[in-house]
Amino acid sequence: MKDVMGVIYTGENDALLRELTMMRAIAALPVAGRYRVIDFLMSSLVNSGIRNVGVITQKNYHSLMDHLGSGKEWDLHGKNDGLHILAPFLTRENIGVYNGMLDALRSNTNYLSRSKQQYVLLANSNMIFNADIDKFIDYHIESGAEITLMYTRDPSVRREEFGTYIAVDENAKVTDMEVEPTHPTHECTFMDVMILKRETLRNIVDKAVAHGQHNLNRDVMMPMIDNGTGNVNAWEYTGPIWLMDSVQSYFRFNMDILSAENRKKLFPDNLPVYTKVRDEMPARYGDDVHVSNTLVADGCVIEGTVENSVLFRGVHIAAGAHVKNCIIMQDGQVHSGAYIENCILDKQAVIKRNARLIGPDAYPIVIAKNVVI
Amino acid sequence: MMTKKTCIAMLLAGGQGSRLGILTKNVAKPAIPYGGKYRIIDFPLSNCTNSGIDTVGVLTQYQPLELNAYIGSGAPWDLDVSHGGVFVLPPYQKGKVGEWYRGTANAIYQNMAFIEQYNPDYVLILSGDHIYKMDYNAMLNHHVKHNADATIAVREVPWEEASRFGIMNTDADDNVVEFEEKPKKPKSNKASMGVYIFTWEKLRKYLIEDEEDKASSNDFGKNIIPRMLAEKQTVVAYDFAGYWKDVGTIESLWEANMDLLTTPMPIDLHDKKWRVYARNPGYAPHYIAEDAKVTDSLITEGCQVYGRVEHSVLFSGVEVEAGATVTDAVVMPGAIIRRGAVVRRAIIAEGADIGPGAIVGEETGNIAVVGNRITLPAGVHVTAGQQVGEDTTF
């Protein structure tokens with residue numbers, strides 16, 4: 001049992017994910033054959049012993065709610081604490097959607113003050129990683145820092161005019177922070193995961209309300225670091241990490257986990273990843289199939305050819321169909337004689353007989369949910 | 001006083017299943033893995049949930065640890081309800097007396113207090129020995145419609161096999177007029193499936209009387225049913241025509257797994273209206289490598305396949321290394337088949353480790369078995385029908 005609560009913000013910018021996030025938050029995006037993006041963070045928190053998790057939802061949160069349910073899959077359905085869905089609501093001060101974590105916390109001060117834990121871990125939900133959060137928490141408590149930020153040196157999550165970058169000195173002290181720079185100058189990317197005392201966070205939120213501040217990084221953290229008023233430390237996460245911010249990065253993540261090495265790092269034996277269970281039978285292979293370098297979830301029926309692909313639960317590949325470099329979400333179907341390459345099929349999409357769909361390598365075609373081609 | 005339940009189920013899960021040899025050395029038969037991700041007990045438990053029965057007593061006695069852990073709170077089968085749910089019922093001390101379950105009827109007799117808590121009208125008696133999907137609610141309706149005291153589920157077996165079963169001779173209205181245990185000259189081919197519904201009031205009376213009869217072997221088939229028939233109680237048969245497989249032997253367990261590889265599957269496990277639930281180990285999807293070859297098989301989440309798999313069932317977390325071949329085999333959770341090993345017509349039990357170049361089973365003959373967590377040294381040969389346990393030396 002940890003004296004820490006977790007708060008996950010799920011309202012990140014999703015414009016570049018196009019159709020994939022039309023009807024769902026990035027957190028609810030299906031990945032890796034049977035998971036949603038948020039599963040990795042939720043599981044990390046739970047694996048570290050955190051028993052109180054708040055999920056701040058924004059627009060299009062139906063799919064996320066449906067996925068999280070009562071929090072049972074993460075053992076967050078107890079009488080004490082557990083999972084709290086913090087949906088947007090209209091009050092005199094708040095109209096509809098939140099403008100970032102700070103804004104959302106301001107509308108949920110009740111949840112913060114009602115909770116019993118001494119520390120709060122804040123996180124966004126658009127990065128996929130599986131950190132040993134336990135070590136992060138221990139480091140924070142032992143170091144005596146007021147706030148500890150989690151960062152990565154992995155260059156693959158850097159974006160121009162997007163993200164927050166920090167300079168860290170040899171004592172792990174954060175000496176500078178740049179928010180959404182045109183060209184990031186610091187090599188450490190802040191993962192939007194931080195830990196601090198609940199009391200400290202409440203003061204920050206109160207002050208921000210009084211000063212009309214909205215952006216946690218720009219309006220609160222940056223000045224704190226600049227004028228040296230806060231004792232802000234940083235902790236490096238060294239495992240693999242993926243940023244889900246575009247169709248391309250989504251595609252790349254799914255292809256990356258075809259590598260056994262990446263899978264071992266993302267799904268280590270001591271940090272299991274939990275998700276909603278669907279009770280499908282094992283995948284069934286026909287007698288004339290060719291499957292290579294592919295991840296296949298339960299409930300699939302494969303009778304054709306599949307290469308370098310990720311098949312989610314309940315996908316059907318008919319005899320004579322050929323699938324190459326594709327991601328096919330839950331219950332997708334590819335009928336006989338069809339050929340698809342570099343495609344992302346959203347849930348329940350159907351590719352009919354003899355259809356041919358070939359996307360360019362760098363820009364996979366997205367077939368929206370329920371579309372029949 | 002708890003509120004009343006119309007029907008509760010009592011699942012007899014105490015049998016050793018000794019004909020499964022090495023497979024049931026440390027595990028009770030109902031906990032034996034089947035079909036890639038299930039255990040035998042998932043079938044009766046899922047049937048209960050899908051039939052609207054939310055209170056199930058599971059009577060355990062032999063090697064109950066794994067079974068207890070597997071059932072847990074009953075959540076995978078939606079049996080974690082606040083009134084009712086699934087209860088594991090081992091034998092317990094009563095006053096100065098403590099004893100094991102002496103027979104199927106005695107096991108229920110010893111748990112009458114559990115049943116009385118729910119004050120049910122009917123009690124469904126199940127076993128944990130069979131693979132089948134059955135609507136117990138339809139059977140209950142049949143029982144109520146016939147105003148029966150006992151209803152016995154029966155299925156037609158081939159006439160030439162009828163003398164191996166408990167056979168029900170019925171009249172035109174499904175009334176059982178005679179019950180014959182393994183008759184030499186069967187008059188009917190309706191075999192008892194070991195699934196009974198009793199009107200609780202009647203069953204309670206017969207259990208008490210049976211217990212007083214010191215000559216009785218306290219068995220439903222041998223004692224309770226014949227006595228009810230002798231006393232002109234209304235005992236009716238309920239015909240069941242679906243897939244039903246006894247998995248009591250190595251060969252039949254292997255066959256039942258192979259049945260899932262035929263098209264169409266004789267038991268539809270894709271049916272979304274009648275899902276078979278199981279405790280989920282929570283693995284990532286399975287991976288088929290670049291040079292792997294998989295045909296005609298069932299593969300479960302968590303498997304890593306680098307070698308050849310033909311006409312086999314791989315359970316969750318199984319690894320088949322490059323250059324290994326698995327044919328006509330059942331490979332249970334977490335087993336590893338190392339490079340160059342050849343497995344055919346075999347059952348590899350949970351967590352077994354088949355060393356490089358080892359050969360298990362033969363193209364013909366009986367099924368070879370490697371027991372739970374056994375490590376098979378490199379290059380050894382396990383012949384057809386051989387069972388490898390802790391005491392086996394090479």
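Reader: Which residue of chain A does the side chain of B:Glu301 meet in a salt bridge?
Author: This is a predicted model, where local features need pLDDT of at least 70, side-chain atom pairs count only at pLDDT 80 or more, and totals for chains, interfaces and linings use all residues. Side-chain values use heavy atoms, with hydrogens and water left out, residues are numbered from 1 along each chain as its sequence is written, and chains are lettered from A and ligands numbered from 1 in the order written. A salt bridge takes a side-chain nitrogen of Lys or Arg within 4 Å of a carboxyl oxygen of Asp or Glu. With N to O at 3.1 Å, the partner of B:Glu301 is A:Arg34.

Reader: How many salt bridges does the rule find across the interface of chain B and chain A?
Author: The pair B:Glu301 and A:Arg34 is a salt bridge. Across the whole interface of chain B and chain A, the rule's count is two.

Reader: How much area do chain B and chain A bury between them?
Author: Buried area here is the accessible area (1.4 Å probe) that two parts lose on being put together, summed over both. Carbon and sulfur atoms hold 47% of it, and the total is about 2,900 Å².

Reader: How many residues does the contact take from chain B?
Author: Contact means heavy atoms within 4.5 Å. Chain A gives 34 residues, and chain B gives 40.
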